[in-house]
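Q: Hi! I've got a new model open and would like to talk through it. Could you walk me around it?

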Amino acid sequence: MNAPAVTPEPLQLVVGEEELLVDRAVRAALEAARLADPTADLTRVRVADLTTPQLTELVSPSLFAEARVVVLEAAHEATQEISDAIVAYGKNPADGVVLVVLHSGGGRSKVAKALPAALKKAGAKVVECPKLTKPAEREEFVRHEIRVAGGRTDAAAVSALIETVGSDLRELASAAAQLVADADGKVDENAVRRYHNGRAEVNGFAVAEKAVVGDLPGALEALRWAMQLGVPHVLVADALADAVRTVARIAPLGRVDPFKSAGELGMPPWKIRKAMGQTRGWHPAGLADAMQIVAELNADVKGVAADASYALERAIIRIARAHRRA
(Lines give C-alpha, C1' and ligand atoms only; values in the text may rest on other atoms or scores of the structure.)
Protein backbone atom coordinates (compact mmCIF):
# COMPACT_ATOMS: atom_id res chain seq x y z
CA MET A 1 0.00 0.00 0.00
CA ASN A 2 2.89 2.37 0.67
CA ALA A 3 4.90 1.48 -2.45
CA PRO A 4 5.74 4.48 -4.65
CA ALA A 5 4.03 4.86 -8.00
CA VAL A 6 7.37 4.79 -9.82
CA THR A 7 10.26 2.50 -8.93
CA PRO A 8 13.83 3.69 -9.53
CA GLU A 9 15.58 2.64 -12.71
CA PRO A 10 17.87 -0.26 -11.72
CA LEU A 11 20.55 0.57 -14.32
CA GLN A 12 21.57 4.14 -15.07
CA LEU A 13 24.33 5.46 -17.32
CA VAL A 14 25.58 8.99 -16.74
CA VAL A 15 27.68 10.15 -19.69
CA GLY A 16 29.79 13.30 -19.72
CA GLU A 17 32.28 15.35 -17.75
CA GLU A 18 30.26 18.31 -16.48
CA GLU A 19 30.79 17.74 -12.76
CA LEU A 20 27.73 19.60 -11.48
CA LEU A 21 25.39 17.76 -13.85
CA VAL A 22 26.98 14.41 -12.99
CA ASP A 23 26.55 15.11 -9.27
CA ARG A 24 22.93 16.03 -9.84
CA ALA A 25 22.31 12.82 -11.76
CA VAL A 26 23.74 10.78 -8.87
CA ARG A 27 21.67 12.74 -6.37
CA ALA A 28 18.52 12.20 -8.44
CA ALA A 29 19.16 8.45 -8.53
CA LEU A 30 19.62 8.38 -4.76
CA GLU A 31 16.50 10.45 -4.14
CA ALA A 32 14.43 8.16 -6.39
CA ALA A 33 15.76 5.11 -4.55
CA ARG A 34 14.90 6.67 -1.20
CA LEU A 35 11.36 7.35 -2.34
CA ALA A 36 11.05 3.58 -2.69
CA ASP A 37 13.04 2.86 0.47
CA PRO A 38 14.09 5.72 2.80
CA THR A 39 16.93 3.58 4.16
CA ALA A 40 18.63 3.17 0.75
CA ASP A 41 22.39 3.46 1.16
CA LEU A 42 24.90 5.05 -1.25
CA THR A 43 28.21 3.43 -2.19
CA ARG A 44 30.70 5.04 -4.56
CA VAL A 45 33.71 3.19 -5.96
CA ARG A 46 36.16 3.96 -8.75
CA VAL A 47 36.11 1.31 -11.48
CA ALA A 48 39.92 1.16 -11.66
CA ASP A 49 39.94 0.01 -8.01
CA LEU A 50 37.24 -2.60 -8.50
CA THR A 51 37.57 -6.36 -8.99
CA THR A 52 34.88 -8.60 -10.42
CA PRO A 53 34.21 -10.33 -7.05
CA GLN A 54 33.89 -6.92 -5.39
CA LEU A 55 31.40 -5.79 -8.03
CA THR A 56 29.40 -8.98 -7.53
CA GLU A 57 29.30 -8.36 -3.79
CA LEU A 58 28.22 -4.74 -4.24
CA VAL A 59 25.26 -5.55 -6.47
CA SER A 60 24.15 -8.84 -4.92
CA PRO A 61 20.73 -8.78 -3.24
CA SER A 62 20.98 -8.11 0.49
CA LEU A 63 19.98 -10.82 2.95
CA PHE A 64 17.79 -8.25 4.70
CA ALA A 65 16.46 -6.72 1.45
CA GLU A 66 18.27 -3.42 2.10
CA ALA A 67 18.06 -0.97 -0.81
CA ARG A 68 21.31 0.34 -2.25
CA VAL A 69 22.59 2.80 -4.84
CA VAL A 70 25.97 1.76 -6.20
CA VAL A 71 27.87 4.39 -8.18
CA LEU A 72 30.74 3.24 -10.39
CA GLU A 73 33.00 6.23 -11.03
CA ALA A 74 35.28 6.71 -14.05
CA ALA A 75 33.90 3.73 -15.94
CA HIS A 76 35.95 4.83 -18.97
CA GLU A 77 38.90 3.25 -17.10
CA ALA A 78 37.27 -0.20 -17.09
CA THR A 79 39.19 -3.31 -18.14
CA GLN A 80 37.62 -5.92 -20.39
CA GLU A 81 36.84 -8.13 -17.40
CA ILE A 82 35.11 -5.42 -15.39
CA SER A 83 33.32 -4.07 -18.44
CA ASP A 84 31.92 -7.51 -19.23
CA ALA A 85 30.85 -7.95 -15.60
CA ILE A 86 29.04 -4.59 -15.56
CA VAL A 87 27.21 -5.33 -18.79
CA ALA A 88 26.30 -8.86 -17.67
CA TYR A 89 24.83 -7.51 -14.43
CA GLY A 90 23.00 -4.75 -16.30
CA LYS A 91 21.13 -7.33 -18.34
CA ASN A 92 19.73 -8.90 -15.16
CA PRO A 93 19.84 -6.35 -12.32
CA ALA A 94 18.98 -7.32 -8.77
CA ASP A 95 15.89 -6.09 -6.95
CA GLY A 96 16.53 -3.22 -4.58
CA VAL A 97 19.84 -2.23 -6.16
CA VAL A 98 20.33 0.82 -8.38
CA LEU A 99 23.57 0.74 -10.36
CA VAL A 100 24.75 4.12 -11.64
CA VAL A 101 27.67 4.02 -14.07
CA LEU A 102 29.59 7.28 -14.57
CA HIS A 103 31.40 7.44 -17.91
CA SER A 104 33.22 10.36 -19.51
CA GLY A 105 31.96 9.38 -22.96
CA GLY A 106 35.48 8.67 -24.18
CA GLY A 107 38.30 6.45 -23.05
CA ARG A 108 41.73 5.30 -24.13
CA SER A 109 40.77 1.75 -25.04
CA LYS A 110 38.16 0.22 -27.32
CA VAL A 111 36.73 -1.58 -24.29
CA ALA A 112 36.12 1.69 -22.44
CA LYS A 113 34.61 3.38 -25.48
CA ALA A 114 32.29 0.43 -26.15
CA LEU A 115 30.87 0.26 -22.62
CA PRO A 116 28.20 3.01 -22.97
CA ALA A 117 26.76 1.42 -26.11
CA ALA A 118 26.62 -1.97 -24.41
CA LEU A 119 24.84 -0.53 -21.37
CA LYS A 120 22.35 1.33 -23.55
CA LYS A 121 21.63 -1.93 -25.34
CA ALA A 122 21.09 -3.57 -21.95
CA GLY A 123 18.36 -1.02 -21.25
CA ALA A 124 20.15 1.56 -19.12
CA LYS A 125 18.50 4.88 -18.46
CA VAL A 126 20.89 7.45 -19.98
CA VAL A 127 21.61 10.88 -18.51
CA GLU A 128 23.76 13.12 -20.72
CA CYS A 129 26.10 15.51 -18.89
CA PRO A 130 28.32 17.07 -21.58
CA LYS A 131 30.69 19.93 -20.85
CA LEU A 132 29.01 23.28 -21.49
CA THR A 133 31.71 25.08 -23.44
CA LYS A 134 29.74 27.45 -25.67
CA PRO A 135 28.43 30.82 -24.42
CA ALA A 136 24.93 29.96 -25.65
CA GLU A 137 24.97 26.74 -23.62
CA ARG A 138 25.91 28.57 -20.41
CA GLU A 139 23.25 31.19 -21.07
CA GLU A 140 20.62 28.49 -21.49
CA PHE A 141 21.87 26.82 -18.31
CA VAL A 142 21.40 30.07 -16.35
CA ARG A 143 17.91 30.61 -17.78
CA HIS A 144 17.01 27.03 -16.85
CA GLU A 145 18.31 27.43 -13.29
CA ILE A 146 16.28 30.59 -12.82
CA ARG A 147 13.13 28.96 -14.22
CA VAL A 148 13.54 25.88 -12.02
CA ALA A 149 13.93 28.13 -8.98
CA GLY A 150 10.63 29.80 -9.88
CA GLY A 151 11.98 33.02 -11.36
CA ARG A 152 11.95 34.86 -14.65
CA THR A 153 14.72 36.75 -16.38
CA ASP A 154 15.90 38.36 -19.61
CA ALA A 155 18.95 38.28 -21.87
CA ALA A 156 20.63 41.30 -20.26
CA ALA A 157 20.41 39.78 -16.78
CA VAL A 158 21.74 36.42 -17.98
CA SER A 159 24.72 38.11 -19.66
CA ALA A 160 25.41 40.20 -16.56
CA LEU A 161 25.32 37.15 -14.30
CA ILE A 162 27.80 35.22 -16.45
CA GLU A 163 30.00 38.31 -16.73
CA THR A 164 30.20 38.74 -12.96
CA VAL A 165 30.30 35.09 -11.86
CA GLY A 166 32.21 33.45 -14.71
CA SER A 167 31.75 30.05 -16.32
CA ASP A 168 31.78 27.76 -13.26
CA LEU A 169 28.38 26.02 -13.26
CA ARG A 170 28.27 25.52 -9.50
CA GLU A 171 28.73 29.22 -8.88
CA LEU A 172 26.24 30.13 -11.61
CA ALA A 173 23.63 27.73 -10.21
CA SER A 174 24.11 29.02 -6.68
CA ALA A 175 23.94 32.64 -7.77
CA ALA A 176 20.84 32.05 -9.90
CA ALA A 177 18.95 30.39 -7.05
CA GLN A 178 19.94 33.10 -4.58
CA LEU A 179 18.94 35.86 -6.99
CA VAL A 180 15.47 34.37 -7.45
CA ALA A 181 15.04 34.33 -3.67
CA ASP A 182 16.44 37.83 -3.12
CA ALA A 183 14.64 39.49 -6.05
CA ASP A 184 11.23 37.89 -5.44
CA GLY A 185 11.51 35.95 -8.68
CA LYS A 186 12.27 38.87 -11.01
CA VAL A 187 15.90 38.59 -12.05
CA ASP A 188 16.85 41.61 -14.14
CA GLU A 189 20.21 43.26 -14.74
CA ASN A 190 19.78 45.68 -11.83
CA ALA A 191 19.11 42.77 -9.48
CA VAL A 192 22.27 41.03 -10.68
CA ARG A 193 24.40 44.13 -10.11
CA ARG A 194 22.90 44.73 -6.66
CA TYR A 195 23.36 41.14 -5.66
CA HIS A 196 26.99 40.98 -6.68
CA ASN A 197 27.77 44.29 -5.07
CA GLY A 198 26.81 42.54 -1.84
CA ARG A 199 28.40 39.21 -2.73
CA ALA A 200 31.95 40.47 -2.63
CA GLU A 201 33.50 37.09 -2.02
CA VAL A 202 32.66 36.05 -5.59
CA ASN A 203 34.74 38.91 -6.95
CA GLY A 204 37.56 38.22 -4.51
CA PHE A 205 37.85 34.65 -5.71
CA ALA A 206 37.78 35.84 -9.33
CA VAL A 207 40.90 37.92 -8.58
CA ALA A 208 42.56 35.02 -6.76
CA GLU A 209 41.91 32.45 -9.48
CA LYS A 210 43.68 34.60 -12.06
CA ALA A 211 46.54 35.48 -9.72
CA VAL A 212 47.49 31.90 -8.83
CA VAL A 213 47.78 30.84 -12.48
CA GLY A 214 50.10 33.74 -13.27
CA ASP A 215 47.55 35.77 -15.25
CA LEU A 216 48.82 39.15 -14.09
CA PRO A 217 46.82 41.35 -16.53
CA GLY A 218 43.62 39.42 -15.80
CA ALA A 219 44.16 39.53 -12.03
CA LEU A 220 44.85 43.29 -12.03
CA GLU A 221 41.81 43.94 -14.21
CA ALA A 222 39.62 41.85 -11.90
CA LEU A 223 41.06 43.69 -8.89
CA ARG A 224 40.27 47.10 -10.36
CA TRP A 225 36.72 45.95 -11.13
CA ALA A 226 36.34 44.62 -7.60
CA MET A 227 37.58 47.89 -6.11
CA GLN A 228 35.13 49.87 -8.23
CA LEU A 229 32.30 47.71 -6.87
CA GLY A 230 33.45 48.43 -3.35
CA VAL A 231 34.62 44.92 -2.51
CA PRO A 232 36.28 45.01 0.94
CA HIS A 233 40.06 44.67 0.75
CA VAL A 234 40.02 42.00 3.44
CA LEU A 235 37.82 39.67 1.37
CA VAL A 236 40.12 39.90 -1.64
CA ALA A 237 43.14 39.24 0.60
CA ASP A 238 41.39 36.25 2.18
CA ALA A 239 40.57 34.84 -1.26
CA LEU A 240 44.19 35.21 -2.36
CA ALA A 241 45.42 33.51 0.81
CA ASP A 242 42.96 30.63 0.40
CA ALA A 243 43.94 30.09 -3.24
CA VAL A 244 47.68 30.11 -2.50
CA ARG A 245 47.31 27.79 0.51
CA THR A 246 45.19 25.37 -1.50
CA VAL A 247 47.72 25.22 -4.35
CA ALA A 248 50.53 24.76 -1.82
CA ARG A 249 48.71 21.78 -0.29
CA ILE A 250 47.88 20.11 -3.60
CA ALA A 251 51.12 20.73 -5.53
CA PRO A 252 53.32 18.21 -3.63
CA LEU A 253 50.72 15.46 -4.12
CA GLY A 254 50.92 15.40 -7.91
CA ARG A 255 47.96 13.74 -9.60
CA VAL A 256 45.46 12.45 -7.05
CA ASP A 257 41.91 11.15 -7.14
CA PRO A 258 39.79 14.14 -6.01
CA PHE A 259 37.06 11.90 -4.60
CA LYS A 260 39.44 9.72 -2.60
CA SER A 261 41.42 12.72 -1.30
CA ALA A 262 38.42 14.88 -0.38
CA GLY A 263 38.02 13.49 3.15
CA GLU A 264 41.72 13.51 3.93
CA LEU A 265 42.27 17.05 2.66
CA GLY A 266 38.99 18.44 3.97
CA MET A 267 38.10 19.88 0.54
CA PRO A 268 35.31 19.10 -1.91
CA PRO A 269 36.40 17.14 -5.01
CA TRP A 270 35.74 20.06 -7.37
CA LYS A 271 38.09 22.31 -5.38
CA ILE A 272 40.87 19.68 -5.47
CA ARG A 273 40.42 19.24 -9.21
CA LYS A 274 40.57 22.99 -9.78
CA ALA A 275 43.69 23.33 -7.62
CA MET A 276 45.38 20.51 -9.55
CA GLY A 277 45.01 22.61 -12.68
CA GLN A 278 46.32 25.69 -10.89
CA THR A 279 49.52 23.96 -9.73
CA ARG A 280 51.00 24.05 -13.23
CA GLY A 281 53.99 26.39 -13.36
CA TRP A 282 54.52 26.49 -9.61
CA HIS A 283 57.78 25.39 -7.99
CA PRO A 284 58.44 24.90 -4.26
CA ALA A 285 60.50 28.08 -3.94
CA GLY A 286 57.83 30.14 -5.68
CA LEU A 287 55.08 28.70 -3.49
CA ALA A 288 57.10 29.50 -0.36
CA ASP A 289 57.38 33.10 -1.57
CA ALA A 290 53.64 33.24 -2.32
CA MET A 291 52.77 31.96 1.16
CA GLN A 292 54.89 34.73 2.67
CA ILE A 293 53.31 37.32 0.39
CA VAL A 294 49.74 36.50 1.41
CA ALA A 295 50.74 36.40 5.08
CA GLU A 296 52.14 39.94 4.78
CA LEU A 297 49.09 41.04 2.80
CA ASN A 298 46.78 39.91 5.60
CA ALA A 299 48.44 42.40 7.93
CA ASP A 300 48.62 45.11 5.26
CA VAL A 301 44.88 45.17 4.55
CA LYS A 302 44.10 45.19 8.27
CA GLY A 303 45.85 48.48 8.90
CA VAL A 304 49.59 48.01 8.49
CA ALA A 305 49.71 49.44 4.95
CA ALA A 306 48.87 53.08 4.33
CA ASP A 307 47.02 52.19 1.11
CA ALA A 308 45.25 48.81 1.12
CA SER A 309 44.42 48.97 -2.60
CA TYR A 310 48.07 49.48 -3.46
CA ALA A 311 49.01 46.64 -1.10
CA LEU A 312 46.66 44.30 -2.95
CA GLU A 313 48.00 45.31 -6.35
CA ARG A 314 51.61 44.93 -5.19
CA ALA A 315 50.84 41.49 -3.70
CA ILE A 316 49.30 40.29 -6.97
CA ILE A 317 52.37 41.43 -8.91
CA ARG A 318 54.64 39.63 -6.44
CA ILE A 319 52.53 36.45 -6.64
CA ALA A 320 52.83 36.53 -10.45
CA ARG A 321 56.62 36.82 -10.11
CA ALA A 322 56.65 33.95 -7.62
CA HIS A 323 54.69 31.86 -10.12
CA ARG A 324 57.51 32.33 -12.63
CA ARG A 325 60.25 31.48 -10.14
CA ALA A 326 61.92 28.14 -10.82
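Predicted model: local features only at pLDDT ≥ 70, side-chain atom pairs only at ≥ 80, totals over all residues.

Q: Good. Where does A74 sit in that numbering?
A: A74 is in the loop that links β3 and α3. Its phi is near 55°, which is a positive value in a residue other than glycine.

Q: Is A74 buried or exposed?
A: A74 counts as buried, because its relative accessibility is 10% and the cut-off for buried is under 20%.

Q: Which loop holds D184?
A: D184 is in the loop between α7 (169-182) and β7 (186-187). D184 is not a glycine either, and has a positive phi of about 55°. With a relative accessibility of 71%, D184 counts as exposed.

Q: Let's zoom out. How many helices and strands are there in the protein?
A: The protein has 15 helices and seven strands. Its C-alpha atoms fill a box of roughly 70 × 50 × 35 Å along the principal axes.

Q: What share of the residues counts as buried?
A: It's 43% of the 326 residues. The accessible surface is about 16900 Å², and 53% of that belongs to carbon and sulfur atoms.

Q: Which residues in α3 are buried?
A: I82, S83, A85, I86, V87, Y89 and G90. These buried residues pack against β1 (11-15), α2 (52-59), β3 (68-73), β4 (97-103) and α4 (110-121).

Q: You mentioned β4. What does H103 touch?
A: H103 lies in strand β4 and is buried, with a relative accessible area of 1%. Leaving aside residues up to four places away in sequence, H103 touches L13, V14, V15, G16, A75, H76, A112, L115 and P116.

Q: How about H323, buried or exposed?
A: H323 is buried, at 12% relative accessible area, and is found in helix α15 (residues 308-324). Its contacts beyond four places in sequence are V212, V213, G214, R280, G281 and W282.

Q: New topic: helix packing. At what angle do α11 and α13 cross?
A: The axes of α11 (residues 233-250) and α13 (residues 269-278) cross at roughly 85° and come within 9 Å, so these helices are roughly perpendicular to each other. On the α11 side the contact has D242, T246, V247 and I250, and these meet K271, I272, A275, M276 and Q278 in α13. Those residues divide into five nonpolar, two polar and two charged.

Q: And how do α12 and α13 cross?
A: The axes of α12 (residues 258-265) and α13 come within 8 Å and cross at roughly 105°, so α12 and α13 are also roughly perpendicular to each other. P258, F259, S261, A262 and L265 of α12 make the contact with P269, I272, R273 and M276 of α13.

Definitions and conventions:
Residues numbered from 1 in each chain as written. Heavy atoms only, no water. Axes fitted to C-alpha atoms, helices over the stretch in contact; angles between N-to-C directions. Helix = DSSP H or I, 4+ residues; strand = E, 2+ residues; numbered from the N terminus. Parallel < 35°, antiparallel > 145°, perpendicular 65-115°, else oblique. Contact = heavy atoms within 4.5 Å. Nonpolar A, V, L, I, M, F, W, Y, C, P; charged D, E, K, R; others polar. Buried < 20%, exposed > 50% of the residue type's maximum accessible area, 1.4 Å probe, protein only. Areas by Shrake-Rupley, 256 points an atom, 1.4 Å probe, with all protein chains shown as cover.
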